[in-house]
Amino acid sequence: MKKNKKIDKVGIIGLGYVGLPLLYTFHQAGFNVIGFDIDSSKIDLITQGKSYIKHFKDSQIKKLSVSDRCVVTTDFSLLNEVDSILICVPTPLDHYRKPDMSYVVQTTETIGKYLRSGHLVVLESTTYPGTTDELLKNILENSSGLVDGKDFYLAYSPEREDPGNPDFNTKSIPKVVGSSTKRGRELAVALYEKALDKVVTVSTAKVAESAKLLENIFRSVNIALVNEMKLVMDAMDIDIHEVINAAATKPFGFMKFTPGPGLGGHCIPIDPFYLTWKAREYGLNTRFIELAGEVNSAMPEFVVNKIMLALNRKGKAFKNSKILILGIAYKPNVDDMRESPSFVIMDRLVSLGADIDFYDPWIPVIPSSREHMNWKGKVSVEWKETVIKEYDAVVIVTDHASVDYSELKKWSDCIIDTRNVYPNLSESEKEKIYKA
Ligand SMILES: NC(=O)c1ccc[n+]([C@@H]2O[C@H](COP(=O)([O-])OP(=O)(O)OC[C@H]3O[C@@H](n4cnc5c(N)ncnc54)[C@H](O)[C@@H]3O)[C@@H](O)[C@H]2O)c1
């Protein structure tokens, strides 16, 4: 397989949190790469050597922008030039929490126009089992007249990118690859083996699609479990974090999950419902997934109640109180705010009459996005004593590492801590720091 010249030019469609690092990784491995996106502002920034993802450095982008082995473009006719096409476009849920496959469909239709004999097409976006073999295959075969497994080759390889994780990157995370044709499997495995440290081959695209969903369902269900446990421990006045840390000393049969203010990100709150939707076709309900969703999506309201109790102790109501949300990214040390529980909490507090500001060192201004348009353009406040002291309450929703929490403790007399930033509170600290 290593001699196969057909895999030396790779096209990556969708240059977001997943596609951009993937483009970089294939380029670093010595491939010729072409990155495609419909968003011309992203193409312009890469061309200028500037990153639009905070944890992805300008120095990394510059390696792409100065290279004669890298082209980035909005011109999809260049798909003609590549041998392999990797699809990394969004797979959100629609307003009715059904899979929104429009990005994948649109991309596949575009590929269909330029598909030629020998092309390898790999879907990386997270999706329901059957997307590759049913949806993609039908669109590509119908639009091109070519046949999967004979003329062109389809495979699925889930993206496991964990943005901001210092221990793992695109290259070092094992890559699951599946295809329903032998040749598709061989080509896809050969491609990824040249760029990534470890490839795990599975028999079909459906197995690979399902494996990705299982990983994220596993997280969603376990997070729901510790979140439910948190509610019970809170009512019993037992410190959930001390309980979890004690349980985690068991060297087998236990895996540590941490409770929080609710689920966030483009994956865990969304992906499980891709299986729920597909399971209905088989007359099946996914009760664990639904229950986990129910528990996790109730967490922001728990936080709001804790804010109410904290304000109440100060003799204040929500109405006209000034509340600062600390952290609007969905997890620490990233600039990604998709599905962040911060917005659910902020919207609820506004509906109750509170006056809301935010501080986030990773997101100075709330950008335009598919969600949260009501918050677009709002600017993070400055981190200084005179500013922070103005707020009746500060709610830590995202525990970014660069925030000085000892300063916060000095500056604010009412902190709602949803991330256990302040463990082991003294009796006097309990007067102003509330666990939520
Ligand atoms: N972000 C993560 O941490 C993560 C981790 C694992 C898997 N995933 C999955 O990877 C996929 C991509 O996620 P992401 O976070 O990179 O999304 P993203 O929104 O950051 O990036 C998607 C990119 O695709 C582009 N795009 C949209 N439609 C297009 C089209 N028709 N043609 C070309 N480009 C188009 C967008 O402009 C954007 O730049 C999703 O299925 C997601 O579930 C994401």
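Colleague: Which residues form one aromatic cluster with Phe-26?

Modeller: Phe-31 and Tyr-192 form the cluster together with Phe-26. This is a predicted model, in which local features need pLDDT of at least 70 and side-chain atom pairs count only at pLDDT 80 or more, while totals for chains, interfaces and linings use all residues. Residues are numbered from 1 along each chain as its sequence is written, and side-chain values use heavy atoms, with hydrogens and water left out.

Colleague: How many aromatic pairs does the structure hold, and what makes Phe-26 and Phe-31 one of them?

Modeller: There are nine aromatic pairs. Rings of Phe, Tyr and Trp (its six-membered ring) pair if their centres lie within 6.5 Å; planes under 30 degrees apart are stacked, over 60 edge-to-face, and the rest tilted. The centres of Phe-26 and Phe-31 are 5.2 Å apart and the planes stand at 75 degrees, so this pair is edge-to-face. Both Phe-26 and Phe-31 are buried.

Colleague: Why is the pair of Tyr-359 and Trp-383 called tilted?

Modeller: The ring centres of Tyr-359 and Trp-383 are 4.8 Å apart and the planes are at 35 degrees, so the pair counts as tilted. This pair links distant parts of the chain, 24 residues apart: Tyr-359 is in strand β10 (residues 355-359), and Trp-383 is in the loop between β10 and α13 (385-388). Helices (H or I, at least four residues) and strands (E, at least two) are DSSP runs, numbered from the N terminus.

Colleague: Are Tyr-359 and Trp-383 buried or exposed, and how do you know?

Modeller: Buried means under 20% relative accessible area, exposed over 50%, and partly exposed in between, with a 1.4 Å probe and protein chains only. Tyr-359 has 12%, so Tyr-359 is buried. Trp-383 has 19%, so Trp-383 is buried as well.

Colleague: Tyr-192 was named in the cluster. Which residues of α6 are buried?

Modeller: Tyr-192 is one of them, and the others are Gly-184, Leu-187, Ala-188, Val-189, Ala-190, Leu-191 and Ala-195.

Colleague: How do you know what span to expect for α6?

Modeller: The expected span is 1.5 Å times one less than the number of residues. Helix α6 (residues 182-195) has 14 residues, and its first and last C-alpha atoms are 21 Å apart, close to the expected 20 Å.

Colleague: What makes Arg-97 a charge over the ring of Phe-273?

Modeller: The rule asks for NZ of Lys or CZ of Arg within 6 Å of the ring centre and within 35 degrees of the ring normal. Arg-97 lies over the face of Phe-273, at 5.3 Å from the ring centre.

Colleague: How many residues surround the ligand, and what makes a residue count as near?

Modeller: A residue is near if one of its heavy atoms lies within 4 Å. The ligand has 27 residues around it, and the closest are Val-18, Asp-37, Lys-42, Thr-91 and Arg-338. Helix α4 (residues 102-114) gives the most to this shell, with three residues.

Colleague: Why is Asn-420 called buried, and why is Asn-424 called exposed?

Modeller: Asn-420 has a relative accessible area of 18%, so it is buried. Asn-424 has 67%, so it counts as exposed. Asn-420 sits in the loop between β12 (415-417) and β13 (433-435), and Asn-424 is in the loop between β12 and β13 too. Phi is positive in a residue other than glycine at Asn-420, near 55 degrees, and at Asn-424, near 50 degrees.

Colleague: What makes Val-243 partly exposed, and where is Val-243?

Modeller: Val-243 has a relative accessible area of 28%, so it is partly exposed. Val-243 belongs to helix α8 (residues 240-247).
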